[in-house]
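These are notes for a colleague who is opening this entry for the first time. Please read them with the structure on screen.

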2 protein chains.
Amino acid sequence: MIKNLFALALGLASLATFPPLAMGDPTSLAPAQHPRLMLTPDGVALIRANLGKAPLFDASLAETKASLDKILNDSPDVPVPKDASGPTQQRHARNESEMRNAGFLYQVTGDTRYAAFVKARLESYAKLYPTLGVHPASKENNPGRLFWQPLNEANWLVDVSQAYDCIYETLSPEERTRFETNIFRPMVQFISEIHGKEFNIMHNHATWFVSAVGMAGYVMGDQSIVKKALYGTKMDGSAGFFRQMEELFSPDGYYCEGPYYARYALMPFFIFAEVIQNNQPELKVFERHGEILRKSLFALLQQTDSEGNFFPLNDSMKEMNYRSGSVILPVNEAYTRYGHDPSLLSIVLAEGRVSLDLAGQVVALALAATPNPPPFPYASVEYSDGPEGSGGGIGILRSGLGKDLSVAVMKYTSLGMGHGHYDKLALEYYDQGREILTDYGSVRFVNVEQKFGGRYLPENETYAKQTIAHNTVVVDESSHYSGNYNTAKSLHSAKGFFQTPDPDFQVMSATDTTAVPGVAMRRTVAMVRDKALDHPVILDVFRLSSEKEHLYDYPFHFMGQFMESNLTRTPHLTEQHPLGEGNGYQHLWVESEGAITESTEKAGSLSFTWLDGNRYYTITSAADPSTQVFFTRIGANDPNFNLRHEPAIILRQKATNHVFASAIEPHGSFDGAKESTSGSFPVIRSVMVLASTGEGTVVRITGERGIRWTLLIANDSPDPSAKHLVKADEKTFSWVGPAKIVKE
Amino acid sequence: MIKNLFALALGLASLATFPPLAMGDPTSLAPAQHPRLMLTPDGVALIRANLGKAPLFDASLAETKASLDKILNDSPDVPVPKDASGPTQQRHARNESEMRNAGFLYQVTGDTRYAAFVKARLESYAKLYPTLGVHPASKENNPGRLFWQPLNEANWLVDVSQAYDCIYETLSPEERTRFETNIFRPMVQFISEIHGKEFNIMHNHATWFVSAVGMAGYVMGDQSIVKKALYGTKMDGSAGFFRQMEELFSPDGYYCEGPYYARYALMPFFIFAEVIQNNQPELKVFERHGEILRKSLFALLQQTDSEGNFFPLNDSMKEMNYRSGSVILPVNEAYTRYGHDPSLLSIVLAEGRVSLDLAGQVVALALAATPNPPPFPYASVEYSDGPEGSGGGIGILRSGLGKDLSVAVMKYTSLGMGHGHYDKLALEYYDQGREILTDYGSVRFVNVEQKFGGRYLPENETYAKQTIAHNTVVVDESSHYSGNYNTAKSLHSAKGFFQTPDPDFQVMSATDTTAVPGVAMRRTVAMVRDKALDHPVILDVFRLSSEKEHLYDYPFHFMGQFMESNLTRTPHLTEQHPLGEGNGYQHLWVESEGAITESTEKAGSLSFTWLDGNRYYTITSAADPSTQVFFTRIGANDPNFNLRHEPAIILRQKATNHVFASAIEPHGSFDGAKESTSGSFPVIRSVMVLASTGEGTVVRITGERGIRWTLLIANDSPDPSAKHLVKADEKTFSWVGPAKIVKE
């Protein structure tokens, strides 16, 4: 048996899913052999048999053992809770992971000192927990007990259930009863009943809640608790884990809050799925909803740049990447449970660590056998949003490899719950393994006590969530949905078309009519390769239609150093003011203003070049004398220096209907140590909107090296066989399909 | 013979210097065998014998050959010069290096196509050069011919002399006469006579001039030209190469302009020294002036951070590091000519390339034999400035290894000629392999045409050179020497003491009485290790003495994100103005002002914490209610966005005598991907000046974990045995030697 499983673990089997390692009669949840959560007796036997053969796993194990051995003889430190991010909070959080690790080490090594370590702490918690009322640092509407909020309590229970599971067989029936009566049952009741409303919602917090409760249920052998976790407190499938698997992801795996919170949600999804699989394989959790967990993990990884950083959509921290501990376990599980996809091994390699469980050993063994795994298949891909896939989506265009991977991301999803930003049709652009056109992310310094205890800062609401903080059009200096959560939460943009079979002309398009009443928006973003250019260029066409006149602001948030612009600039040399008074504008200093004058017009288009890293970038944009331009920098109305003081260029147009059309061109190179630079001027010199009607938009792009392109975009039917015809001056343009580029 | 030399090349000999490879009778400069500049017939034989044995050299050779082979059949492109940094300039610069490389390849491979490549271009230049007048893009006072300035002409001649030397034996006497009459002699005359004044000065340009002229002299066998190069146009030793070796370096090897221009000057110093050694070994060029070339190379390398970046003192670009091409050759030469110091091999390894000459092959062979060379011996070290070592100096304190190397640099040199900054007693501080307290460097984008053709930008004068751009005290908002070059160029700070035997208390001190008339300044910087602290802390005591009242500004230019300060702040939320009107102050926006109020006083000291990279830093500084504080950001009066918009905190005090005393403490850690942070609060909580008299300064530093230190600094004699006694309130402090720390 063990031999067979090991062969499977090494990927020699053809089964798509890993066979259950469970034992006993899990359906009835009759007293079963322990461990039975993340570990099983067979799994433990496998891990033991392969010790010393899987370097990454062995290293994780040795490191964990070394750090635990240092404190193995310490008395339990189980303080009365006091603070939200201070020493008592940190102590309980450390206890939970130390107990979880000690339980695991007991199973793997058989050393009873680890079991004693867990037991001593369970005894302390069994004394403390029944005495606790509301946590003194709780928020009124969301009280915790051991921690300031119930979410941390669920995190704790996920770990400590595993610790208890690992030492279960070493305990007397009286001890088990004591721990279950004083800790596990009241905590289950606290999370699933006192916080029953939150337990039943569709949200990452509830995923932690049901996983924690379900794991406590399995370890205690209590079928009714498990059922609540799987199907909601009513046990009717209206809530609970399986419903979450259907509601929180689109059918192709996009997690509704975006990648930053997906990273946090996938952790309990994969942990609890593994536990269910080990106990109730007949529920086929990994196969459910079209293998949604596999799809979600791949969708998450596709939402990273070439360095593994998540696209900073919605509330998110830019430092977060797929090397995060909460991604490591899902990657290991997905590899193990879904057919040993070798492309996941390159992620494991980049992570440099594996999870401390059977799946972690399985991937480490595979990596030892495949030290040079194939690269992760980064691709151009569109994901839908919403449980039925009808809530808009997100488009990702890619070209190139490694550091030369160009990535353009357009976001046309729904809001994404409370951490969503008002950023319909926002664009992000990566090159050189860096963010070139950026999304601010969120205003927060996680866990930094001086910064509001590590919580979201006020400027997250007043700046980061606002539309102007994103590369998308702001209408009348007001955010999408007027920044109103209740309006925004049920509305979304719509997919247009996504067409990537031609690697020289990949294009995506989306529309929105919900964000600003009376204003229809269509953004079309193309990634174009051409032999006249060293790198792919981004073409961006943002069409706005309205019966009333509006002020349209079209910003580019860039990083790096201004090099040149053909605008006539009026710099604010000795006095600076904010660009506006609200909706994020109050945070933007106006450093300089630009106007289109004769010299710009002569050039045909507005041109702005900056240097970022070792490359130049130029935005060439259609403009006329009525176009106003602002060079801004974040930092106004920021009394506590919570914001990063980054620059932007904003094009402003007063109009009813208007099309912003731009080329974003990477060019040349700069090497300071070699004192060498080349190609500091762009190749593309002009972008002009020749026509834009309800049927289509025609944009002309010209430049050096014989570049004369016509970009044709359908504004009506995205049908691949639909014919389109647009008159521009004396010429008529006709084409078939949603978008086309004609190179003369 | 070859065998012996090879043995020497591999470091098996005990001689400190490499024996001459020269031939013929070089003293008389009678017709000698060629090549005779960087290569000699014996050297060529050695290179040929060792092909395939020195991977780094073989890679350089293969790369050069591959790139040259692509253009080997191209007709010469020798255009009439037009521009300063455009296509004709770039073409001539490419020609010079292609010719130099082709000559080298001819010698090494014997393939006559490379010789023909050089000859064809010499023929073209022999036609063009006699027709040239003043270069059309020249500056009036410094006209070039082939290039816009004579310096580039000298660069060209250094390369092309070598190319000519390598194919000399393949040419007929008529051809040699044609090339020498039409190119080499007129160019020598142009550089050494028409630009005779610049040829004779003590400056890096003149080093290029004399090297170019001298190499042309040697290749033509013209003793009189060589003599001018070695001894100046008067041939009396009042100028020329040997005088430069004495005048431009201090006795311990500090180059007067600082490391950025040292990098540029060492290149011709080492090239021409090698040529002299090959032709006139009796001049013992490498031994001259106490082996000054060896000392200068080691001094240059000591002026780099843990990543190999040069300290950005004076005019300098932050991207420049020891991987620059102009450092590679001196490192290779220094290894070969000075006893094969194995610690240089670690630099070669980091550079990843070697020079294309015998020395390059010698180090590559050595690296092949020693693939894990010892690390470069970064140390705490003081260098003097000035030819006699009496012009002040520079102090460098170091502690730790690799990324955890802490480095504090204090600059108390003379001005350093035209690229010098007004930055007496300025401090820089590195940690984590990053600049933590920064020097702006210079305002320039080298070779970027849009940025004033790559030249120094106006803001280099108005900001980067000014005192306020540096971490040193500005008096009355005016720069040192009132920013007057003629006043500054002959004056300098003075060494105080430099005491580093105790790794737990390293300290350096310097004084200045020249920068601001009537104001005496002493800065003392200590690097202190203590078991209560995770990292070394910097203590900074800046004492100012004057009979008249002045405004003293004490800035810290930091990178990263503001976290917290115990100041009462008045932020400028909706309107910003510059801090001042001139001397660099006009470029600083005031983002916020800080005042010492009751809460600060209660804390005992001003405290400011920021986050940079993965670590927190806190400045704890003695302050009282009369201290004003400004939080500034560069960027005012910057119409063309030439400046980087970086922050600073400035402490201001109106006083006659005053002591600024601060602790700069790195602490804790921040890991965004792990969402973990610790130690975000400093350990040191208070810094107070207990007393400061002509005899000494007493500073008290207290903090958590039982820290209670007294720093005692002698203000009079730096004599190690001198006794000092200072009364502070009711207590008397006495100590022996220039500085002491007492930990209670």
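1. Ala408(A) is in contact with Leu397(A), Leu427(A), Tyr429(A), Val525(A), Met527(A) and Ile538(A), leaving aside its neighbours within four places in sequence. Two residues are in contact here if their C-beta atoms, placed from the backbone, lie within 7 Å. The model is a predicted one, in which local features need pLDDT of at least 70, side-chain atom pairs count only at pLDDT 80 or more, and totals for chains, interfaces and linings use all residues. Residues are numbered from 1 along each chain as its sequence is written, and chains are lettered from A and ligands numbered from 1 in the order in which they are written.

2. Which residues touch the most other members of the largest nonpolar core? They are Ala212(A), Ala216(A), Val363(A), Ala408(A) and Leu711(A), in a core of 222 residues. A nonpolar core is a set of buried Ala, Val, Leu, Ile, Met, Phe, Trp, Tyr and Cys residues joined through C-beta atoms within 7 Å. A residue is buried if 20 or more other C-beta atoms lie within 10 Å of its own, exposed if 12 or fewer, and partly exposed in between. Helix 12 (residues 259-279) of chain A gives the most to this core, with 13 residues. Helices (H or I, at least four residues) and strands (E, at least two) are DSSP runs, numbered from the N terminus. A second, separate core has 221 residues, including Tyr254(B), Tyr338(B), Val516(B) and Ala663(B). In soluble globular proteins, nonpolar side chains tend to be buried together.

3. Pro259(A) is found in helix 12 of chain A. Is Pro259(A) buried or exposed? Pro259(A) is buried, because 26 other C-beta atoms lie within 10 Å. Not counting residues up to four places away in sequence, Pro259(A) touches Leu300(A), Gln303(A), Phe310(A), Phe311(A) and Leu313(A). Asn321(A) is 62 residues from Pro259(A) in sequence, and their C-alpha atoms are 9.7 Å apart.

4. The domain assignment of chain A gives domain 1 (19-369) and domain 2 (399-683); such bounds come from an automatic or database domain assignment. The C-alpha centres of these two domains of chain A lie 39 Å apart. Between them, 18 residues of domain 1 are in contact with 25 residues of domain 2. The side of domain 1 that touches domain 2 has seven nonpolar, six polar and five charged residues. In these classes, Ala, Val, Leu, Ile, Met, Phe, Trp, Tyr, Cys and Pro count as nonpolar, Asp, Glu, Lys and Arg as charged, and the others, Gly among them, as polar.

5. How is chain B laid on chain A? A turn of 180° and a shift of 0.1 Å along the axis do this with an RMSD of 0.1 Å, which means the relation is that of a two-fold axis. Copies are superposed by least squares on the C-alpha atoms of residues with pLDDT of at least 70 in both. In chain B, the C-alpha nearest the axis belongs to Gln576(B), 2.5 Å from it. The same surface serves both copies, as 100% of the contact residues of chain B recur in chain A.

6. The contact between the chains takes 42 residues from chain B and 42 residues from chain A. On the side of chain B that touches chain A, strand 12 (561-565), strand 14 (588-595) and strand 21 (676-678) of chain B each supply at least two residues. Strand 12 of chain B gives the largest share, four residues. By class, this side of chain B divides into 14 nonpolar, 17 polar and eleven charged residues.

7. Some backbone details deserve a look. The peptide bond joining His34(A) and Pro35(A) is cis, with omega about 0°, and Pro35(A) is found in the loop between helix 1 (2-9) and helix 2 (41-49) of chain A. Asn314(B) is not a glycine, yet has a positive phi of about 55°. Asn314(B) is in the loop between helix 13 and helix 14 (325-337) of chain B and is buried, with 26 other C-beta atoms within 10 Å.

8. On confidence, the mean pLDDT of chain A is 93, and 96% of its residues reach 70 or more; pLDDT is the predictor's confidence in each residue, from 0 to 100. Over residues 1-31 of chain A the pLDDT is below 50, and this stretch has 59 contacts in the model beyond near neighbours in sequence. For the complex, the predictor gives an ipTM of 0.91 and a pTM of 0.93.
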